[in-house]
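Biologist: Could you take me closely through one part of this model, namely the sheet and the helices that pack around there?

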Amino acid sequence: IRTAVARWFLTPPPPRIAVLAAGVPGEDELLQVNQSLYQDVKASLSKFRELRVTSDIAVRTLMLKSDFESDPAKILEALDVDYLLLGTARRANGQAHFSAELLDRDLTVQFAATWQEGDTSLLAMKGHLVSEVVKGLDIAYAPAVYRQATGRGTDNEEAYQQYLVGL
């Protein structure tokens, strides 16, 4: 029993992460796709026992506050998390552009990537995001959990996009 108690005290707590999707006002469908994509990413990350994912309610409650600031340092502090996965989407020259950053409390970028519509599928993007977060945070995991979290429920890109838009 002593060894188990000692191990419990010596084991650092699992990292805590918040996932936040943003977009440009007026781009309602693109914002909805981005928010749905990051909901999917959040659901996949929550499959890892070694990671604590902040609830959507906590993130939305923070964003609805009248004094909400989009400063990542203040978001990290307000949500009491170690990492913030921030995903943005915008449209330029008729193409959707997506970006993702994984920031720690010091605002050091642990992972960053950008994609353009047509470069890769949204399904591949989701799997890549989950994979990079897990690798970046050096999370231990069972191979079956990793495959389930980064895998695809479908190979039909059109069906996945309709799912993200809510059709």
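Modeller: In this predicted model, 5 strands form an open sheet with mixed pairing, in the order S2-S1-S3-S4-S5; strands here are DSSP runs of E with at least two residues, helices are runs of H or I with at least four, both numbered from the N terminus, and two strands pair if DSSP finds at least two bridges between them. Strand S2 (52-53) and strand S5 (109-116) stand at the edges with a single partner strand each, so one side of each has no neighbour in the sheet. Residues are numbered from 1 along each chain as its sequence is written. Because the model is predicted, local features need pLDDT of at least 70 and side-chain atom pairs count only at pLDDT 80 or more, while totals for chains, interfaces and linings use all residues, and side-chain values use heavy atoms, with hydrogens and water left out.

Turning to the helices, helix H2 (residues 28-45) and helix H5 (residues 122-136) pack at an angle of about 45°, their axes 10 Å apart; axes are lines fitted to C-alpha atoms, for helices over the stretch in contact, and angles run from 0 to 180 degrees between N-to-C directions. In H2, the residues Val 33, Leu 37, Tyr 38, Asp 40, Val 41, Ser 44 and Leu 45 meet Leu 122, Met 125, Lys 126, Leu 129, Val 130, Val 133 and Val 134 in H5, where contact means heavy atoms within 4.5 Å.
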